[in-house]
Amino acid sequence: MKSGDIAIKSIQEHADVYRKLARDVWETPETAFGEFHASDRCSRLLEDNGFDVTRCYGGIPTAIRATYGSGGPVIGLLAEYDALPGQSQRDVPYQEPVQEGACGHGCGHNLLCAAMAAAAIGIKEELAASKRPGTVVFYGCPAEEVLVGKGIMAHKGAFRELDAALAWHPGRYNRVAANISTGVNGTKFHFKGITAHAAVEPEMGRSALDAVELMDSGVNYLREHVPSDVRIHYVITDGGTAPNIVPDHASVWYYDRALTRETMARTEARILKVARGAALMTETQLTVENMGGCYPTLSNPVLVRLLDTCMRQIKQEPWTPQEIEYAGKINASIPEIWKSCVKFSGSADPDTQIFCGVMEPDSDNDYGSTDVGDVGHIVPTVFYKTACYNIAAPGHSWQVAACVGTSIGMKGMLYGAKITALAALRLMEDPKLVSDAKAAFLRQMEGCVYEPMLPQDDSAYGAGGRKS
């Protein structure tokens with residue numbers, strides 16, 4: 001019997017359990033730091049399967065640490081379960097929310113938590129049968145969608161015990177990430193001025209809204225003078241109350257992104273200077289509120305090769321005609337994206353509705369962000385996806401939500417679970433793989449010190465404040 005056979009058989013035999021969990025979480029979507037239902041269901045399943053489960057890990061109410069085994073290597077599986085605001089959607093091939101304005105799984109995290117639980121239990125079954133040393137750690141990570149969950153967990157001591165971390169995610173394609181995703185930092189700039197009647201005594205007022213608008217103008221000029229990988233975006237969250245009242249309060253919320261933390265820090269320092277200049281010009285007071293963020297990802301070449309190999313060794317379950325028809329109806333709502341995705345994937349079939357096969361590892365940098373980057377700055381980490389929705393579905397969309405509660409999402413989930421289990425067991429049986437991954441990680445981290453990009457007050461997220 002080959003390595004992984006017991007784990008893969010276990011995942012397949014108990015597939016209905018994992019489908020039920022994924023559907024349950026899909027039907028009960030919860031947003032960042034409020035994933036109490038999902039956290040409880042995952043904890044119960046792992047407890048029932050012999051894991052030592054710590055709920056409320058690190059004082060974070062919806063975080064989990066669940067372990068099985070003894071000795072090394074220690075392999076971590078990163079699970080997420082938060083939904084997105086405004087993404088409520090029924091499992092139909094057209095946009096129809098369950099409840100208008102409610103949250104929904106437009107990123108497929110219902111599948112993510114179920115896949116990692118399935119993989120962890122499969123690994124446990126093989127470790128128990130083989131008496132092999134090794135430890136699997138399931139980390140239930142809240143609040144990925146606001147990009148601070150894993151950073152707060154890291155601040156509380158998470159992930160440092162691991163020899164490697166595996167991060168699967170639902171996607172359009174079956175593909176391992178050999179690229180870098182940008183880090184992101186969020187900052188709110190609050191300006192305080194002096195109110196006055198805008199028509200009778202305008203000279204008495206000091207407009208906080210003027211400060212926000214001058215800051216935004218200054219940052220827009222700054223865009224010409226930052227590296228090409230930098231992304232800056234903002235939204236005015238408070239612009240005053242009425243046109244005839246000089247606003248004495250106004251706020252703007254900024255994100256900055258880049259492919260290295262150093263570039264982000266330099267950009268943030270320049271944005272702060274612009275904000276201070278706007279306050280000086282308008283004679284207003286500036287308060288800066290740090291919202292936290294995450295690091296860019298790091299691509300570990302040893303783990304990329306391992307996951308690519310495992311992905312090609314596990315057979316993908318074929319799509320049924322009904323699933324293809326369902327996905328085709330969704331793709332028809334976004335025909336231009338569908339055409340470009342088919343071409344990008346290199347499919348020989350121009351009518352491809354859901355991806356099959358395995359693409360070469362992705363080496364093109366990604367300008368989205370994930371807090372998996374924080375874990376990747378602590379231990380060797382790999383990020384990879386399997387097809388769980390129609391090929392044209394944009395990220396964070398109703399199209400994703402419409403698929404990830406159906407058999408399409410469930411097939412991709414089970415495929416991802418099997419790949420994860422096989423890769424973890426390969427690491428446990430081959431010390432050289434682990435040492436090579438660590439060596440590559442140390443080369444990448446040379447001269448870099450990881451410090452979590454924490455929100456100014458993480459007690460607002462139920463994490464018990466900044467003190468350990």
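Q: In this predicted model, which helix gives the most residues to the lining of the second largest pocket?
A: The second largest pocket holds about 200 Å³ of space. Its lining has 16 residues, and the closest to the centre are W26, E27, P29, S88 and V98. With 3 residues, the helix that gives the most to this lining is α2.

Q: How do the residues that line the second largest pocket divide into nonpolar, polar and charged?
A: A probe the size of a water molecule, rolled over the atoms, shows where empty space is left. For the second largest pocket, 16 residues form the lining around such space. By class, they divide into 6 nonpolar, 6 polar and 4 charged.

Q: Is α2 roughly parallel or roughly antiparallel to α3?
A: Helix α3 covers residues 36-48, and its axis comes within 10 Å of the axis of α2, crossing at roughly 165°. Angles over 145 degrees count as roughly antiparallel. Therefore α2 and α3 are roughly antiparallel.

Q: Which residues of α3 make the contact with α2?
A: The crossing of α2 and α3 is right-handed. On the α2 side, the contact is made by V17, Y18, L21, D24 and V25. The residues of this contact divide into 7 nonpolar, 1 polar and 2 charged. On the α3 side, the contact is made by H37, A38, R41, C42 and L45.

Q: Which residues of α13 make the contact with α2?
A: α2 passes α13 in a right-handed crossing. From α2, the contact takes in A15, Y18, R19, A22 and R23. The classes in this contact are 6 nonpolar, no polar and 2 charged. From α13, the residues are M410, M413 and L414.

Q: How many nonpolar residues are in the contact of α4 with α13?
A: Helix α4 (residues 109-130) packs against α13 at an angle of about 40°, with the axes 8 Å apart. That makes α4 oblique to α13, and the crossing is right-handed. Among the residues that meet are L111, A114 and I123 in α4 and M410, M413 and L425 in α13. The contact has 2 polar residues, 1 charged residue, and a nonpolar count of 15.

Q: Is the peptide bond from G72 to P73 cis or trans?
A: Most peptide bonds are trans. P73 is found in the loop between β2 (64-70) and β3 (74-80). The bond from G72 to P73 has omega near 0°, and is cis.

Q: What is the value of phi at L147?
A: Most residues other than glycine have a negative phi. L147 lies in the loop between β4 (134-141) and α5 (149-155). L147 is a residue other than glycine, yet its phi is positive, near 70°.

Terms used:
Residues numbered from 1 in each chain as written. Predicted model: local features only at pLDDT ≥ 70, side-chain atom pairs only at ≥ 80, totals over all residues. Heavy atoms only, no water. Left-handed = near helix turned anticlockwise from the far one by under 90°. Helix = DSSP H or I, 4+ residues; strand = E, 2+ residues; numbered from the N terminus. Contact = heavy atoms within 4.5 Å. Nonpolar A, V, L, I, M, F, W, Y, C, P; charged D, E, K, R; others polar. 1 Å grid on protein atoms, 1.4 Å probe; cavity = no way out; pocket = protein on both sides within 12 Å on 5 of 7 lines; lining within 4 Å. Points joined across faces, edges and corners; volume = space filled by probe spheres on them. Axes fitted to C-alpha atoms, helices over the stretch in contact; angles between N-to-C directions. Parallel < 35°, antiparallel > 145°, perpendicular 65-115°, else oblique.
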